[in-house]
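Morning, everyone. Please bring up the sequence and the structure, and keep both in view while I talk.

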Amino acid sequence: MTAHKFKVITGGSYATRPLPFSAALDLGPRELAGNMALLFAMSLLRAKRPTDLEDPHSQIWINERTSFTLHELLCELRNLSWFEARALPSFDLPPVAHDVANGDAKSKRRQANWNDDGQLTLRTIFRGGLGFSENAPRLSPIFQLDTEVSETRGYIPPLSETSDMSNWLSWCASHSGASLRAPCDQVQPEIQSLGHLSEYIHQAVPSRLFHNAALDALARGAEVDHGLCPDYPASHSWNGPRILNLMAKAEQQAQRLSTDNMMRNRRHYHRPPVTAARMSVHLACQDMSSDKNDTFRQAADELADAAPNLLHWYTQAQDVMRGPQTIEPALFLPLSGTGNAPLHPSDFTSTVMIAGALGTLIKAVFETSPEALRPVRDQGPDRHLEADIDQLVANISLARLVAGGHFPAENYQDLRLGQTIALHLLRDTLGQENRSTQLSFRDFDGRRLTLKAHPRSFGRGHVELLEDGRTIDWPHDKSMPRPNLTAIV
């Protein structure tokens, strides 16, 4: 199997490390039913304001005769075995494990939907692939920092880490449209609904929000992780150009990896719009002579048995948006009017993976210890930069779900692949420095990770990954050849 590679310099020679892609997702009937139900639910909520989604009594009107509350919607989702921690195990349903770190990928995806008591809640619904809750589904304050230069030129090769900051500012403006916001600049208009959020993220260059967040932090004099500069400021090499150079490399790798994964896995499972259409035909034509053991048919049957109200509400919403439907239930995605062109399968492909990579770099490089609070706007309470980045990542993942073109399981996987890209970039960078440094941050599963570098007498330093002081394996790691010793003097 072919994988893209990038160079890692090792004492006069170099090794190649493949980009960390994963195998195609194994969506069994139970997980597929849960994923599709969550996509239907997000489509029904696309007209709601994010601040209204914390009230379980918030009313969602479909037409003058049909409405439901968020609590009723939550009950429909809880009826599905994928979201119920006490559901009896089946052939495709992983057992409930209390130790997430020791579970397989499917178990981890399943448990990411629960709170500490093993329950699906209004907060966990809007996590967007994160394994812990913050202020979901509220918007990250970083949206208020977002500025956009009128004209961008698309992808531009990144500058070197030795380039002047002024050149990097021009690069950000040309590449993503990001720029520093002056105090007198007008704040971005408020995002009015989940649908508006989805359109906002879809139209933005994926890296722009993170570039704006990094530029704002640098302009405010935010400190880098104290472990990176133990003799600060004498050896303060972690400056703006170096941080932006790492972010540019991470974006480039995430863009390439997400595209490759989409092309490689496109034949393993159908996209949500195709799956929804097939489910509609199956449920409307129960007497069709077909194999009832197909994954999507089993998932459709569970949806019809466990969440009939959800399918009824969605069909009613289809009648309002598209006109009277000829079959029932009508579960077509995305939920939009006939005048709106559906998103192409490639839309939002790299958005979440880029968010995972750039968000991880910002959390890791800047000082984000609990006692170090960072304001992200001129007024209002101080916020924790780490929490704001996590909230931004959750918002971006949620925007992709509202669009209806990707499974929630893909959000979970892409975030962690993006995080892995960032981890390996940091590993290589700290190894090249070959000095005693360390940094720590909270990952997307809520773990406190630490990268600790140890100098060596020659070549590259050794970098280990720790969780709560315990050394763990690097994700998607491949054994690399040792540096070649070519001469002894």
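Let's start at one residue pair. Leu-449 stands opposite Glu-467 in E7. Keep in mind that this is a predicted model.

Now widen the view. That residue pair belongs to two strands, E6 and E7, which pair in the antiparallel sense over six bridges. H14 packs on the sheet here. The helix touches E5, E6 and E7. Its direction makes about 165 degrees with that of E5.

What is the strand order in the sheet? It runs E5-E6-E7-E8, an open sheet of four strands with antiparallel pairing. Which strands are at the edges? E5 and E8, and each of them pairs on one side only. Neighbouring strands are turned by 35 degrees against each other on average, with direction ignored.

Go back to E6, residues 448-454. On its other pairing, E6 meets E5, again antiparallel and over six bridges. Here Phe-441 stands opposite Leu-449.

One general point on strands. In a regular strand, side chains alternate between the two faces of the sheet.

Next, Leu-451. What does Leu-451 contact, leaving aside its neighbours within four places in sequence? The list includes Leu-423, Leu-426, Arg-427 and Leu-430. It also includes Thr-437, Gln-438, Leu-439 and Phe-441. Val-463, Glu-464, Leu-465 and Trp-474 are in contact with Leu-451 too.

Leu-451 also takes us to the core. The largest nonpolar core has 125 residues. Which members touch the most other members? They are Met-36, Phe-40, Phe-210 and Leu-451. The largest share of this core comes from helix H13, residues 385-403, which gives 11 residues.

Most residues other than glycine have a negative phi, and most peptide bonds are trans. Look for the exceptions.

Take Asn-434. Its phi is near 55 degrees, a positive value, and this residue is not a glycine. Where is Asn-434? In the loop between helix H14, residues 408-433, and strand E5, residues 437-442. Buried or exposed, or in between? Asn-434 counts as partly exposed, because its relative accessible area is 21% and the buried class ends under 20%.

Asp-468 is another case. Its phi is positive, about 55 degrees, and it is not a glycine either. Asp-468 lies in the loop between strand E7, residues 462-467, and strand E8, residues 470-472. Asp-468 is exposed, because its relative accessible area is 65% and exposed means over 50%.

Then two peptide bonds. Glu-328 to Pro-329 is cis, with omega near 0 degrees. Leu-333 and Pro-334 are also joined by a cis bond, with omega about -5 degrees. Where do the two prolines lie? Pro-329 is in the loop between helix H11, residues 308-322, and helix H12, residues 351-365. Pro-334 is in the loop between H11 and H12 as well.

Move to His-211, in helix H7, residues 208-219. Buried or exposed? His-211 is buried, because its relative accessible area is 0%. His-211 and Leu-244 are 33 residues apart along the chain, and their C-alpha atoms are separated by 7.9 Å. Leave aside the neighbours of His-211 within four places in sequence, and its contacts are Trp-171, Cys-172, His-175, Ser-176, Ala-178, Met-247 and Glu-251.

Cys-172 is in that list. It brings us to the cysteines. A disulfide is a covalent bond between the sulfur atoms of two cysteines. How many disulfides are counted here? The count comes to zero. Cys-172 is buried, because its relative accessibility is 0%. Cys-75 counts as partly exposed, at 30% relative accessibility.

Last, the whole chain. The secondary structure comes to 14 helices and eight strands. There are 489 residues, and buried residues make up 54% of them. The chain exposes about 22000 Å², and carbon and sulfur atoms supply 50% of that. Now take the contacts with a separation of 6 or more. Residues 24 or more positions apart account for 69% of them.

One thing to take away. Find Leu-451 in the model, and recall that it is among the core members that touch the most others. Thanks.

Methods. Residues are numbered from 1 along each chain as its sequence is written. This is a predicted model: local features need pLDDT of at least 70, side-chain atom pairs count only at pLDDT 80 or more; totals for chains, interfaces and linings use all residues. Side-chain values use heavy atoms; hydrogens and water are left out. Buried means under 20% relative accessible area, exposed over 50%, partly exposed in between (1.4 Å probe, protein chains only). Contact means heavy atoms within 4.5 Å. Accessible areas come from the Shrake-Rupley method with a 1.4 Å probe; for residues, only the protein chains shown count as cover. Two strands pair if DSSP finds at least two bridges between them. Axes are lines fitted to C-alpha atoms, for helices over the stretch in contact, and angles run from 0 to 180 degrees between N-to-C directions. A disulfide is a pair of cysteine sulfur atoms within 2.5 Å. A nonpolar core is a set of buried Ala, Val, Leu, Ile, Met, Phe, Trp, Tyr and Cys residues joined through side-chain atoms within 4.5 Å.
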